[in-house]
Amino acid sequence: MHITPEKIKEAAEALECTELKSFMFQEPTAGPLTKPGRSSRSTGRSRRSTRRSTRRSRRSTRRSRRSTRRSRRSTRRSRRSTRRSRRSTRRSTRRSRRSTRRSRRSTRRSRRSTRRSRRARRSRRS
């Protein structure tokens, strides 16, 4: 059964309902109460597209996490290498200082011994 405006008018006159009459003569401003039914094709497409977008976002997040891990690892490695190089430079400087001290000592001793030997020679001569 299809409802027409004429049938509504007839029912309103029969009931003498003032609310129904006022409702009848209003401008139809509001849209339909129910949403128009989508076709199954369009819903399937939208679902697929949402799935794809979620997959892409997940992939991108995984990639970004991997890259952050890699960058952290590389920074750690570089820090370690700098520490090692600093240690090695310290050790080498210490060694060089020790060797220079030893060489200075040995040169001093040799100079002393040469002076003593010269003095001894002089004292023997005189």
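Student: In which helix does Ser 106 lie?

Tutor: Ser 106 lies in helix α3, where helices (H or I, at least four residues) are DSSP runs numbered from the N terminus. This is a predicted model, in which local features need pLDDT of at least 70 and side-chain atom pairs count only at pLDDT 80 or more, while totals for chains use all residues. Residues are numbered from 1 along each chain as its sequence is written, and side-chain values use heavy atoms, with hydrogens and water left out.

Student: Why does Ser 106 count as partly exposed?

Tutor: Buried means under 20% relative accessible area, exposed over 50%, and partly exposed in between, with a 1.4 Å probe and protein chains only. Ser 106 counts as partly exposed because its relative accessibility is 38%. Of the 126 residues of the chain, 2% count as buried.

Student: Which backbone oxygen lies 2.7 Å from a polar atom of the side chain of Ser 106?

Tutor: That atom is the backbone oxygen of Ser 103.

Student: Where in the chain is confidence lowest, and where is it highest?

Tutor: The predictor's confidence in each residue is given as pLDDT, from 0 to 100. Helix α2 (residues 18-24) has the lowest confidence, at a mean of 61, whereas helix α3 (residues 40-125) has the highest, at 89. The chain as a whole averages 82, and 75% of the residues score at least 70.

How values were computed:
Helix = DSSP H or I, 4+ residues; strand = E, 2+ residues; numbered from the N terminus. Polar contact = N/O pair within 3.5 Å; in protein donor to acceptor, adjacent residues only side chain to side chain.
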